[in-house]
Amino acid sequence: MTNLNRPKKNPEMVRHRLLQSTASLMTTCGFAGVSIDKVATEAGVTKGALFHHFPNKKALIEAVFDRELAMLDKLLDDLLAKDTVDYGRFTRAYIHATFFACIDDRLSSALTFSLCARPELVERWDVWMAGRMVKHQKTDNSLQLEVVRMAADGIWFTHLLHGGKLTAKKDLHALKQQLLEMTHAT
């Protein structure tokens, strides 16, 4: 095959496949199951191609974290746009997002596993959340709403730790409804 007949390389597509493969491995195998060899194999690229995009496993995990956080941001913004009640608007969006993550592990597992695996990512999460809270301080700056967000985090994390089998869907729905009720001004 001559150079003219070869498909053109698409670096963004390769990077996307590497991130997808890493997130998938984190979801199915946990952080310990992620290796450079496994990621490259699952993405259908060589280790050299992986290293072209990411200098090491740490950078790869950070990129997955950033991508997952951007997806969470978009989901939250979409949910915020649909909520017309000011008080607790961000907290309600956060509850919906965390419970969506319990149902669709693709959103939550890689984000959660990267937080557990890389302590410096916890700091980045904290900065992200602090920024969100500054942005939503007029609507979501109460101790009750903070407790509700922390409860949603606990349910998300517990659900993930038990392989998504801790709570039946109807129980998740009841938990979600209870948390949502707690976001209304008293």
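1. Which Trp residues form one aromatic cluster? They are Trp125, Trp128 and Trp156. For the ring pairs here, rings of Phe, Tyr and Trp (its six-membered ring) pair if their centres lie within 6.5 Å; planes under 30 degrees apart count as stacked, over 60 as edge-to-face and the rest as tilted.

2. A word on the basis: this is a predicted model, where local features need pLDDT of at least 70 and side-chain atom pairs count only at pLDDT 80 or more, while totals for chains, interfaces and linings use all residues. Residues are numbered from 1 along each chain as its sequence is written, and side-chain values use heavy atoms, with hydrogens and water left out.

3. By the ring rule there are three aromatic pairs. Phe90 and Tyr94 have ring centres 5.9 Å apart and planes at 35 degrees, so this pair is tilted. Both residues sit in helix 5, four residues apart, about one turn of the helix (helices are DSSP runs of H or I, at least four residues, numbered from the N terminus). Phe90 is buried at 0% relative accessible area, and Tyr94 is buried with 0% as well (buried means under 20% relative accessible area, with a 1.4 Å probe and protein chains only).

4. Leaving aside neighbours within four places in sequence, Leu18 is in contact (heavy atoms within 4.5 Å) with residues including Val39, Leu50, Phe54 and Leu60.

How values were computed:
Helix = DSSP H or I, 4+ residues; strand = E, 2+ residues; numbered from the N terminus. Buried < 20%, exposed > 50% of the residue type's maximum accessible area, 1.4 Å probe, protein only.
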